[in-house]
Amino acid sequence: MTAVRTQPLVACPGKSSEIPKREIHTVALIGPPNSGKSTLFNRLTRLRQKVGNYPGITVEQRVGLLTAGGPEIKLIDLPGVYSLTPYSEDERVAVDVLTGKMDGLPRPDAILLVLDVTNLSRQLVLAAPVIALGLPILVLLNMADVFTKGGGSLDVLKLAAELGAPVAMVSATQGSGLDAVERFLREAHDRRPGALLPILQDLPQCRKWANQLSHRVDYQRPLPSVWTRRLDDIFLHKLWGPLIFVIVVGAVFQTVFGLGQPMSTAFQDLLTSLGQQAAPFISNSLLRSLLLDGLWKGVSSVLVFLPQILLLFLFIGILEDSGYLARAALIADRTMRSVGLNGKAFIPLLSAYACAVPAIMATRTIENKRDRIATILIAPFMTCSARLPIYTLLIAAFIPDRPVVGVLLGARACVMLSLYVLGFLVAIATAKLLKSSILKSAAVPFMLELPEYRCPTLQSVGLRLLDRSRVFLRQAGTVILAVSLLVWVLTHLPLNHGHSPELEHSAIAYLGHGIEPLIRPLGFNWKIGVGLLTSVIAREVIVGTLGTIYGTDPATQSMTLQNALRQDLTPAGAMALLVFFAFAMQCASTLAVVRRETNSWKWPMIQFAYMTAVAYASALGVNAVLSRLWR
Amino acid sequence: MELMTQMPVALTDLEIGEGGAIAHIALPPTHQQFLTRIGIVPGAEITFSRRAPLGDPSVYSVDGTEVALRAETANYIFVQRGHFPRLGDMA
């Protein structure tokens with residue numbers, strides 16, 4: 001038996017120098033889920049990657065560039081798959097890319113197959129069909145560090161001989177052994193005849209072959225970590241488990257909300273002052289307004305989400321890499337099931353209390369597509385921080401500051417709390433509705449792998465942060481920019497002798513008057529209507545818009561915004577407006593992210609229509625009931 | 001192995017720490033294919049490791065991995081009771 005190898009190792013069968021040479025331009029990276037493939041991809045490409053979607057489906061396409069010391073090589077990161085039998089969308093994509101049938105992607109010249117060596121006998125199942133494709137292939141046995149430390153061993157040379165392909169021990173998290181990849185790619189290879197492999201479409205056959213093979217190469221599984229069992233005895237304890245869960249979740253929530261909010265505000269102030277500093281350098285007033293009020297404001301309104309996104313993904317990254325996220329999902333599953341979702345939806349939904357944008361990005365951990373879409377659709381009902389400005393404004397203006405339950409709970413806090421509860425209840429009702437109708441789960445049982453606990457590395461969490469923020473900025477940035485521009489144009493047309501009109505004569509005010517008949521039953525006038533239109537970009541925009549409108553109106557010019565609103569809006573109308581904002585989808589960033597994550601306009605459009613309808617109906621009801629009650 | 005003559009029992013009937021070989025799976029083919037990927041196939045050895053704090057799902061160790069399944073699934077996976085060492089007790 002081969003001794004445990006601590007050094008990264010490459011084993012090559014045969015004499016590759018005799019094989020005719022062929023240059024490598026495109027390489028595919030394939031491996032089962034949880035094999036550490038993404039970490040490896042980030043390592044290899046150093047984040048020089050393009051992220052998009054495969055045409056027509058929600059599977060994410062990641063293509064990166066490898067450049068170290070030679071011509072550029074395209075690296076395609078395939079979705080994590082257990083087999084090449086096309087049961088799922090992910091597997092179909094993998095097969096199509098590998099066989100060169102995917103539009104817009106050349107057929108790969110070589111394959112990097114990543115397998116988690118700590119669980120080799122199971123992971124080898126994928127090796128048979130992949131090797132049988134006959135492309136030059138390098139097998140990377142990942143997590144070599146954990147494997148060796150846990151006392152695992154195998155005969156790497158024998159494995160390479162059996163597979164008919166070079167095999168390298170690597171560690172993606174530590175970055176060790178990766179020079180083997182470079183060497184493999186720099187050396188020209190040719191197609192070799194595949195090794196003797198079992199019938200490939202037959203999963204049980206592949207499994208049998210994988211089991212026998214791991215015996216033949218003297219595979220010894222590393223000892224399961226004692227730590228994992230000990231930690232699970234605590235984290236999954238009947239009593240401590242849920243308690244620690246609540247503490248962890250509370251801490252994450254508190255930090256994202258408590259720390260992220262002031263960070264966002266500070267960042268916003270910084271961005272605003274940057275805009276103001278630039279103002280004197282633009283002489284043309286219309287151009288200045290376009291650049292600063294239109295473009296820069298639009299861009300900043302996206303940028304302000306960044307601190308919260310980074311914070312949230314920092315925590316999710318740590319929780320996921322350490323292995324706790326799976327435990328949290330396990331604990332939450334029982335409760336989440338009652339609304340038709342599974343435990344994996346818990347963290348994204350909780351994050352949505354800070355901001356729906358990162359929450360929707362965090363739904364990627366949910367493999368079941370229907371569950372994922374249901375979670376995406378209900379996430380914006382959670383009371384996000386962008387609702388707070390309008391909530392605070394209206395509550396301060398219309399709710400008297402008097403105690404309700406002794407000194408503990410005032411009337412204002414009571415209203416605020418009920419708005420949170422309201423959003424939550426509608427989210428649950430919507431989830432139930434969706435899961436019993438259009439998103440009834442496909443026949444897939446709930447299954448959750450509990451990985452061993454690991455210490456998250458700075459690099460892997462950092463790379464993920466960078467990656468997520470780039471995706472967010474690029475995708476949400478373009479849509480929100482377009483919407484901001486549109487709103488700016490509407491507030492500055494029609495031009496009057498080359499000057500933009502007063503707000504009340506602008507195209508958007510015209511639109512506000514236009515929708516007035518529609519919103520009058522809710523207790524709103526045209527000014528609120530303009531606010532509703534401009535806040536389609538982001539909920540908090542309504543406060544600024546109302547400020548501008550009441551500020552330019554001579555009748556209300558000298559008043560504070562609160563007083564102006566009190567004069568202009570009935571209490572019933574104000575309550576209706578609160579409820580409207582609790583439910584309406586007034587957020588272009590969220591819509592943009594939903595479009596990106598579902599790779600279609602269908603879901604964001606359904607979401608927008610549904611949420612607006614719920615908001616309208618509820619506001620209508622609230623206004624009707626309260627205006628009668630409070631007459 | 002002296003227990004091999006017994007009737008197979010559902011996974012959910014096992015005691016914590018108890019295990020056996022999967023005898024058959026009474027689930028639709030699509031479910032079975034899904035379970036196959038994580039090694040839940042007839043013949044595989046599976047051990048009941050622990051219950052989630054709220055009682056369900058339960059964690060099973062199969063093929064060297066810990067996997068959580070809901071009772072709604074585990075009810076239909078039948079095992080031939082036998083003694084298999086729990087993960088971590090081995091070697």
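This note goes through a predicted model of chains A and B, point by point.

1. Seven strands make up an open sheet, in the order β11(A)-β5(B)-β4(B)-β3(B)-β2(B)-β6(B)-β1(B), and their pairing is antiparallel. At the edges stand β11 of chain A and β1 (9-10) of chain B, each of which pairs on one side only. In general, strands of a sheet pair through backbone hydrogen bonds, in either a parallel or an antiparallel way.

2. Where the chains meet in the sheet. Strand β11 (residues 447-450) of chain A pairs with β5(B) in the antiparallel sense, over four bridges. Within this pairing, Leu448(A) is opposite Ala68(B), and Leu450(A) is opposite Glu66(B).

3. The contact as a whole. Chain A puts 31 residues into the contact and chain B puts in 30 residues. On the side of chain B that touches chain A, the elements giving two or more residues are α1 (29-37) and β5 (65-69). Of these, α1(B) gives the most, with six residues. By type, the residues on this side of chain B divide into 14 nonpolar, ten polar and six charged.

4. Strand β4 of chain B. Is this strand, residues 58-62, enclosed or open? Five of its five residues are buried, so β4(B) is largely enclosed by the rest of the structure. The burial holds for both faces: Ser58(B), Tyr60(B) and Val62(B) lie on one side, Val59(B) and Ser61(B) on the other, and all are buried.

5. The neighbours of β4(B). On one side, strand β3 (residues 45-51) of chain B pairs with β4(B) in the antiparallel sense over five bridges, and Arg51(B) stands opposite Ser58(B). These two strands form a hairpin with six residues between them, and Gly55(B) in the turn has a positive phi of about 100°. β4(B) is also joined to β5(B) by five bridges, and these two run antiparallel; here Tyr60(B) has Val67(B) as its bridge partner. β4(B) and β5(B) form a hairpin as well, with two residues between them, and Asp63(B) in the turn has a positive phi of about 55°.

6. The nonpolar cores. The largest nonpolar core has 124 residues, and the members that touch the most others are Ala356(A) and Phe580(A). Helix α25 (residues 571-583) of chain A supplies the largest share of this core, eleven residues. Leaving out residues up to four places away in sequence, Phe580(A) touches Leu522(A), Ala615(A) and Ala619(A). Another core lies apart from this one; it has 66 residues, among them Val117(A), Ala128(A), Ala144(A) and Val156(A).

7. A closer look at Leu140(A). This residue belongs to strand β7 (residues 137-142) of chain A. Why does Leu140(A) count as buried? Leu140(A) has 29 other C-beta atoms within 10 Å, and it is called buried because the cut-off is 20 or more. Neighbours within four places in sequence aside, Leu140(A) is in contact with Leu112(A), Leu113(A), Val114(A), Ala168(A) and Val170(A). One of these, Val170(A), is 30 residues away along the chain, yet its C-alpha atom is separated from that of Leu140(A) by 6.3 Å.

Technical notes: Residues are numbered from 1 along each chain as its sequence is written. Chains are lettered from A and ligands numbered from 1 in the order in which they are written. This is a predicted model: local features need pLDDT of at least 70, side-chain atom pairs count only at pLDDT 80 or more; totals for chains, interfaces and linings use all residues. A residue is buried if 20 or more other C-beta atoms lie within 10 Å of its own, exposed if 12 or fewer, and partly exposed in between; C-beta atoms are placed from the backbone. Two residues are in contact if their C-beta atoms, placed from the backbone, lie within 7 Å. Ala, Val, Leu, Ile, Met, Phe, Trp, Tyr, Cys and Pro count as nonpolar, Asp, Glu, Lys and Arg as charged, and the others, Gly among them, as polar. Two strands pair if DSSP finds at least two bridges between them. A nonpolar core is a set of buried Ala, Val, Leu, Ile, Met, Phe, Trp, Tyr and Cys residues joined through C-beta atoms within 7 Å.
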